[in-house]
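Subject: Model for your files

Dear colleague,

Here is the model I said I would pass on.

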Amino acid sequence: MSNLDSFVKSSRPPPKPIATSQEVRDRGSTFVGNVFTATSPEDARRAVRHLRNVTHGSRPATHEIAAWRCMVLSTGKSGLGGPDDFEILSGYDDDGEKYAGGRIQKVMQAEGVIDAVVVVSRWYGGEMLGPVRFDHIEMCTREVCQTFRLKDDMATSIATLTSLDDILASLRVEFATLMSNIRPMDSDIKDDPPAGTESEATTSAPIMKKVRTSYVTLEESLDITKAKRLITARENSIKSVKQALQKARAPKT
């Protein structure tokens, strides 16, 4: 390598598609869409180059039509000012299929996809398809955009669940510790316990250990409804433990 910068760039992991559409075949032509994460236009172009030169290197597509939408920090902004500090940079490349890139971009916008690049590859079959080719391109785009959104929503849900799990585990440990330290009131003690022993109420309760829950199966299922149910259940459990803690800390009358 000529310098460190070129080494770092070349050693980055290759772009990996988040979702791939089903193939659409029409009179010898084949269309297939891929969506990649892209936080900058350069990320988008890198993904397109990799798809064209590596993934499809042995079977080059006639057109690699791409569009991207990336949320970036506005010039002169720090990011501390909230959403107004950011802007969406968008662009597209028809790659010889006139107007096709703009069609992809419109579908991405309609589906609310950000920080991504969609590439629809077309292998020309020798027969002109006319306007219907845009329907195929949009179909492939819509499919991968919807999967991209599902996976993004699932990642957010799992992050929320993991955070709630940590809060719940800490509260349960706190509650177990509190209960293990509660002694019976003097009025409830009839006889002093024998020397060297403890009453049942003061015997240390086992402290619950934090165990990280795996959400791999949930993540693969893309069942957002189930994820939301789990989030609601965790929130209710946290509420219940907080109420129990409050009751246990309340002064005895």
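In what sense do strand β3 and β6 pair, and over how many bridges? Please keep in mind that this is a predicted model. The pairing of β3 (residues 29-37) with β6 is antiparallel and comprises 8 bridges. Within it, Phe36 has Val117 of β6 as its bridge partner.

β6 also pairs with strand β4 (residues 63-73): the two run antiparallel and are joined by 7 bridges. Here Glu64 is the residue that stands opposite Ser121 of β6.

Is β6 itself mostly covered or mostly open? Strand β6 spans residues 116-123 and is mostly covered, with 8 of its 8 residues buried.

Now the helix. α3 covers residues 100-111, which makes 12 residues. From first C-alpha to last, α3 reaches 17 Å, close to the 16 Å expected at 1.5 Å a residue. Its buried residues are Ala100, Gly101, Gly102, Ile104, Gln105, Val107, Met108 and Glu111. An α-helix has 3.6 residues a turn, so residues three or four places apart point the same way.

What covers the buried residues of α3? The cover includes the strands β4, β5 (86-93) and β6, together with helix α4 (132-181). After α3 comes Gly112, which has a positive phi, near 70°.

Regards

How values were computed. Residues numbered from 1 in each chain as written. Predicted model: local features only at pLDDT ≥ 70, side-chain atom pairs only at ≥ 80, totals over all residues. Heavy atoms only, no water. Buried < 20%, exposed > 50% of the residue type's maximum accessible area, 1.4 Å probe, protein only. Helix = DSSP H or I, 4+ residues; strand = E, 2+ residues; numbered from the N terminus. Pairing = 2+ DSSP bridges. Expected span 1.5 Å × (residues − 1). Contact = heavy atoms within 4.5 Å.
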